[in-house]
Amino acid sequence: MKLTVPYTYTFWYVPTRCTNDRHALSQAVMEVEIAEIDDADAPVVMTVANGKDAGLGNEQGADRFLPRADGKPRQVRMRNGLFYVEAMSAEELSQRASRLATLDATFLAKFGISGQRTPGYVEKSYGHSDITSVSGVRRQNGGLREDKTRDDRGEKVGRLIARQAARMFIVDGVTFELCREPVLKIKFDHSGLMAHGIVEAFESLAARTDYSKYSETSAYTSSLIHADHLLSDMGVEKKVSFEVIDHNASSYDGVASDIAFHLVRAESDLKGVVHAAPTGVLQAYYKVAEALRHIDRSSPSISAEVIAAAHSVMDISVDPEIDEPMQQLSRTRFMNDRSGRQAVLGPDHGGPFRLDLMHVGGYRDRQGKMASATAFAGRILDRWEGRHPGSTFDNGQTDRMTTTLVSGVTVAEIGSDAQARHAAWEIGLAPGQVEKAIASGSRLFRLSAEKMASKELSRATRAGMVGLVIGPAPGDPNGHWSVAVKDHPKAEIALDAVSQHVEAMDERDMEMAQDQQLISIF
């Protein structure tokens, strides 16, 4: 379907005998084409509908997953391994795209974490200026400094519109927009109440951690395949509706994401208290830091080392002879500090009574961080112990799942079928191939290598996928190994890297077994 789209853009100019540049609004028109495809080319893989009520159940739900106007759930289709959610009819899209008043909500707005469209280009502060042109401002100002005029004819805005058009398609007269996988999220607030809803999965663990700096501190997530189990396990009354039609379409591992996320938060809190905290905090901090160092942040797998790190935080002991008096003093300091601000006079002197125990107040703050770290560790253990039986592989919970080799390649043993499907999609494998490997109990390994990526004026290190190695099932030394790699400089060492990882992990298991024997002897 072809659409003629009018849009506004900003250009910059400097009048004659002036030095400061100014901006004005102009208008352009472009033509875009929305692909029309058959139903079979993008099958429906799930349906979703967040609660429409204003209660807790809808506070976390993304607006783009609200029911349709007729109350029916929205369809989610899959095309080339990507998800597309039902938006509006093709007729409504054509009408909205043809008017400046509604263009912003159609092509130029962006979706935030909440699933709401944030204002785009048209609704900026100078979007309400009168529409003009370079020739118009030239006549109005009696000439321009032509070398200072910057007018790209709306090229930048046009690219945004074209990019959004490429993220859409039409099936049977209905438009669908690109989205990330719909997942369930249960958010905990400070009072312990829980809000749940269907949201888009985070792009990565790093994206989720960055988002938590400004918003939520703790939440559980789950693919819709295991969402009912999570709601039941948490005792939450279901206020959303969904149906997963094709289970093989889901590639989100909520258990791994939740545990790794909360471990990052626990490490952050522990880091701030290791210099003034009860006995054992430093040991717990190093265990947590070491566990995180051996997690593939781009696709985390949960190992016995990670769970042991969470236990170490929960096992931190306190000294009642020190902690109880310090807590009492910290409460006294807090109360007297307030009394000082209210200028309460002491009985024997005329100045305000105030007890300055700043070090006690600092102790009180650190105790709060310690409690927060313990709470995060508790969430980790609750999530792991309450997981759905089919959400992770029954691989004996390997002590460590990830190794970073001298070559710079990170080898991570895949811990769930969701991670396996995601790795297969990254590498371009047919879905059936990895499903057969999962069914046969094969061990799967994801290989990645760090790469430098420019982002504005800074440089960030990101993990690039190298390949996927499918090995035999545990206990089958003569089984077949298969390798699927990308066009990557380190692809040729994929099998050797996995061999080094397996050998290193076997040696580690042997050393730990010997340590346990020595402990049992003594």
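Reply:

**A network of salt bridges**

In this predicted model, a network of salt bridges links Glu290, Arg293, Glu305, Asp399, Arg400 and Arg508. Two of the pairs in which Arg400 takes part can be described in turn.

Arg400 pairs with Glu305, and their closest N and O atoms are 2.8 Å apart. Glu305 has a relative accessibility of 10%, so it counts as buried. Arg400 is also buried, because its relative accessible area of 10% falls under the 20% limit.

Arg400 also forms a salt bridge with Glu290, with 3.7 Å between the closest N and O atoms. Here again distant parts of the chain are linked, since Glu290 belongs to helix α8 while Arg400 is in the loop between α11 and β16 (402-404), 110 residues apart. Glu290 has a relative accessibility of 28% and therefore counts as partly exposed.

The whole structure contains 23 salt bridges. Glu86 lies in strand β6 (residues 82-89) and Arg68 in the loop between β4 (44-49) and β5 (74-79), so the pair ties together parts 18 residues apart in sequence. Glu86 is buried at 8% relative accessibility, whereas Arg68 is partly exposed at 22%.

Conventions: Residues numbered from 1 in each chain as written. Predicted model: local features only at pLDDT ≥ 70, side-chain atom pairs only at ≥ 80, totals over all residues. Heavy atoms only, no water. Salt bridge = Lys/Arg side-chain N within 4 Å of Asp/Glu carboxyl O. Helix = DSSP H or I, 4+ residues; strand = E, 2+ residues; numbered from the N terminus. Buried < 20%, exposed > 50% of the residue type's maximum accessible area, 1.4 Å probe, protein only.
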